[in-house]
Amino acid sequence: MKRLHLVSWLAAALVVAACGSTGGGGSSTNSYSGKTIKIGAILSITGAGGVYGPQSRDGANLAVKQINASGGVNGAQIALTINDDASDKAQSAQVAQKLIQSEQDLALLGPTLSNSAVAVHPLAESLKIPILAVSTTGIHIVPDCNFPATTPCKYVFRDSLGEETAIPTNIKSYAEDGKPKTGVLLVAQDDKFSSDGGTIVQNTVAQYNINLLKTIKFNKAEADLSPYVTQAVQAKPDVIFITSLGGIPAKIMTEARKQGWQGQFLGGNGFNTATVSAQAAGAGKGARSASAWYLGNTFASNKDFVDAYKAEYSKDPDQFSAQGYTAIKILADAAKRANLTFSDVAGDRDKLRTAMESVNIQTPLGPFQFTSTHDVKQTVWVIAMDGAGGFTLVHEIK
Amino acid sequence: MDQQLLNAIFIGSIYALFAVGYTLVFGVLDILNLAHSAVFMFGAAITYSLVINHGQAFWVACIVGIAASAVLGLVIEHVCLRPLRRRRAPPIAALISTVGLALIIVAVIEQGQKGSLFGWLWVDGANSVAFPAGTIPNPTWHVGDLTLEASKVAVIPISVALMLALGYVIRYTQVGRGLRAVAENPRAARLLGLDVDRMISLTLVISSALGGLAGILFGVALGDISPYIGRDNVEVRGLAVIVLGGMGSIPGAVIGGYLLGLIEVFAVVVLGSGARGGVAFAALFLMLVLRPQGLFGAQLREKI
Amino acid sequence: MDFFIQLFSDPVGFWNSHTLLIAQIGINSILASSMFVVLYSGQLSLAAPGFMATGAYTSVLMDQYWHTPLGLNIATGVLLAGVLGLLVGLPVLRLRGVFLAIATIGFIEALRLGVILNVPITGEGLGLKNLSADPLGGIYLVLISLVVVLFVVWRLTKGRLGAAWAAIRQDELAALSQGINVARYKMIAFVLSAILAGFAGALEAHLNFFVDPGDAQYGVARAVQILTFAVLGGSGYVLGPVVGALIITLLPWIFQAQGIYINIVTGVFLIAVIVFRPQGIVGRGGLAIIRPAWWPRRAGVRVPTTG
């Protein structure tokens, strides 16, 4: 008698469990219930890139938390691992290999720095795993990811607005507003990000009839930039272009103002964080750059993002957090449509890749799509430093 | 062109102040204290943190910053140097142990975040920061085509005054005689009743206080404070300065500092901005090859 | 710790997914051997990164412009590194102790900042693309090279060269008075170390799609890292620096890439080793009370502060 009871209870339990796992009665065509979508992020949490990596991490983690809390991706949970590459190119590549081959991640995010990306992206391409760059904006990301066998690269994407778009947009915008005639370029020649930006400036200025009087190269680890700034100031340009990142833009701007120069600073992505605006303070007021994101942008999904971020981390998000957050949204959307099997990793990676190409979603960056070369198609904001650690909006260019 | 001359003098002053600490330790102990650049950074970071995160007045923060650097000098002595002396290790060993300590000091600051283990020292992590305008008195004057900034101008008399003071102490005081005796021959000094350990501690304290001060002035004058300001270039430039001026010679360090400043700016103006680093190190290399004792050092005793 | 778990439970899988790491250990070991050679002969030379750069750029440029086979490219890189070693060694080998160290720092930075960053053919600050790189397959070449290098260096230390080097390291003047041609043996060590560093540089470039002239690649930071290998492992035996390289390269992995703590740990290791066990991990002898014999007696200058 008891055994019969036990068996029927067991059978009933099994039936209930089976019903439960199909997501609440009825069958959905794309149920990933109980599965895990593994994503690996390679970010610079420590080292020189440690200024940006944590923001990307925080944005991505927030997105993962939100998505998992509201049912995941068709029932699957996202498991995001954050892996520090210590801003070291070699370590970045080694970590990537581990994530791809040992962890069997479905997709990768990062790495933070352009210097590391030129080592990691070709590796990802050759091992056929989709990788989404969340902060690298230099050349050699897409479509040419530095992998000789395939151009355009198939597996490399980026959601971080490239300098090839940002810098010309910024220059064009100021050319219309200020009508400058002359400029001087200050570029850190041993920093890929800065050098790339410098090249873009040089290639763009002629279009807007700005005469580039001088290109002044220096090393990014230089303690003292005054002789370079003096050279720039003595040439009396209308504009000074600064394509560096880290502590350098603020130093240049402060020194130039001290030496009495009154003209316009134009920069690249290196300008777009609050720390740089704060360090430059009054000297940076009015310095312009083109940004992939703006705190006060009026897209609906941005306000939700900003509020959630502030609630979670007690501070404002920045461009890097927005791009990290968006990256997860992109991957989640692609995963939803990709018909993943969760048993054939290689096949899944490929399906994910294909699905990513057709992403079209609302993000804090606005409506987001990839171009045919996996680059970013989005609104660009031209912003100016407000002299007090923040930014004001100058133009919004769709 | 004239502004460039001023630039050379200003950066030369910082180099000089930094190098005096370096060369003092070398002169007395025969070792290169490669943690000096970390102390330089530490002084700047602590001072900034005190003003911005702990709300102290700038002058108070400076004094505490210098004192903290001096304490760090004691740490260098007790952790890196004394155990090696006990063991009669060759001077190169001290080079390595100070490199190790420098790594630790930089990492501690780099690690500082709000709420982290070292957050009471520094909260800006790997970021570069500057004193916001108004927190420190730093007026700028324009004289014709030239720009003069109070903090940069102040460095010159400070460096010169310190050099003179140090020179006076070494030449005319009891303590100075003790230091010279230790520099000449520690064993004999001990036999003569000098507390060699204390002399050495004093050397490190003075050297590190100077280093910290140089860091503070650097942070204020150049508007850049981060965990990396010692490591990036200032450290190796310090080496170039003491090589040029003569290792162990304090006047040499000062003159060497200005000399390097002039060489670098000359390179930028005449050869092009990219030449600065290359020329500085080429000068270092050449000086070592042609005249290893530098401008003011004594003749090297041993050469094959 | 799951790093070790995977290593022991699934060695094949571990190998497959960590070839880049293992290859880097191999390269760092060759660099460590380069350091071993100069330290064994009593010279504190920090010039390795400069020779690495020479090997790397030569090899990649030859491939880019002349499409010559890899072997030839590496060989040429190595040869040029050796020649440069000779040219640099001539003036600096008279210097002792810290002076030699500083001179070599001057050399590598002058090369990096002055030459590489300003000569258009090297791509200057942007670096060079290396289209024939083989990050995953290159490991075999690296490991075979490592074995060969270690064997060669070991044999040399066992022979007359090694004996001469040891004598020079102990006491240069005494060695001279025994009739050893100190200058020549020092030069041999220096050039050999340059060759090894050039080799390592060329191999490393082969593993990377991109060669860049950053400080972490070919600057003082790299030189200090290589010195750390030798100090930690000990430079009394050939395998010493190799062990040091192994440990330092693996540190971030063992501590799960907590980057900053890595530096603190490395710093503590350095101080602890140099204070308590200066002969290094592989060195003979217990904890240190006496001065190790493997460094020159004097730094080369005693400046009397006559005030």
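Residues are numbered from 1 along each chain as its sequence is written, and chains are lettered from A and ligands numbered from 1 in the order in which they are written. In this predicted model, local features need pLDDT of at least 70 and side-chain atom pairs count only at pLDDT 80 or more, while totals for chains, interfaces and linings use all residues; side-chain values use heavy atoms, with hydrogens and water left out.

Chain A contains an open sheet of 5 strands in the order E2-E1-E3-E4-E5, with parallel pairing. Strand E2 (77-84) and strand E5 (156-158) of chain A each have a single partner strand and stand at the edges, so one side of each is left without a neighbour in the sheet. On average, neighbouring strands of this sheet are turned by 25° against each other, direction ignored. Strands (E, at least two residues) and helices (H or I, at least four residues) are DSSP runs numbered from the N terminus, and two strands pair if DSSP finds at least two bridges between them. Within the chain A elements, strand E3 (residues 107-109) and strand E4 (residues 131-133) run parallel and are joined by 2 bridges. A:Leu108 has A:Ile131 in E4(A) as its bridge partner.

Helix H4 (residues 114-126) of chain A lies across strand E1 (36-43), E4 and E5 of that chain, and runs at about 155° to E4(A). Axes are lines fitted to C-alpha atoms, for helices over the stretch in contact (heavy atoms within 4.5 Å), and angles run from 0 to 180 degrees between N-to-C directions.

Strand E10 (residues 288-291) of chain A is joined by 4 bridges to strand E14 (residues 380-385) of chain A, and the two run antiparallel. A:Ser291 stands opposite A:Trp381 in E14(A). From E10(A), A:Arg288 and A:Ala290 point one way, A:Ser289 and A:Ser291 the other way, and all are buried. Buried means under 20% relative accessible area, exposed over 50%, and partly exposed in between (1.4 Å probe, protein chains only).

A:Thr363 belongs to strand E11 (residues 360-363) of chain A and is buried, because its relative accessible area is 0%. Apart from neighbours within four places in sequence, A:Thr363 is in contact with A:Ser301, A:Thr326 and A:Phe368.

The count comes to 1 disulfide over all chains, a disulfide being a pair of cysteine sulfur atoms within 2.5 Å. A:Cys145 and A:Cys153 form a disulfide with their sulfur atoms 1.9 Å apart, and their link is left-handed, with -80° about the S-S bond. A:Cys145 is buried at 0% relative accessibility, and A:Cys153 is buried at 4%.
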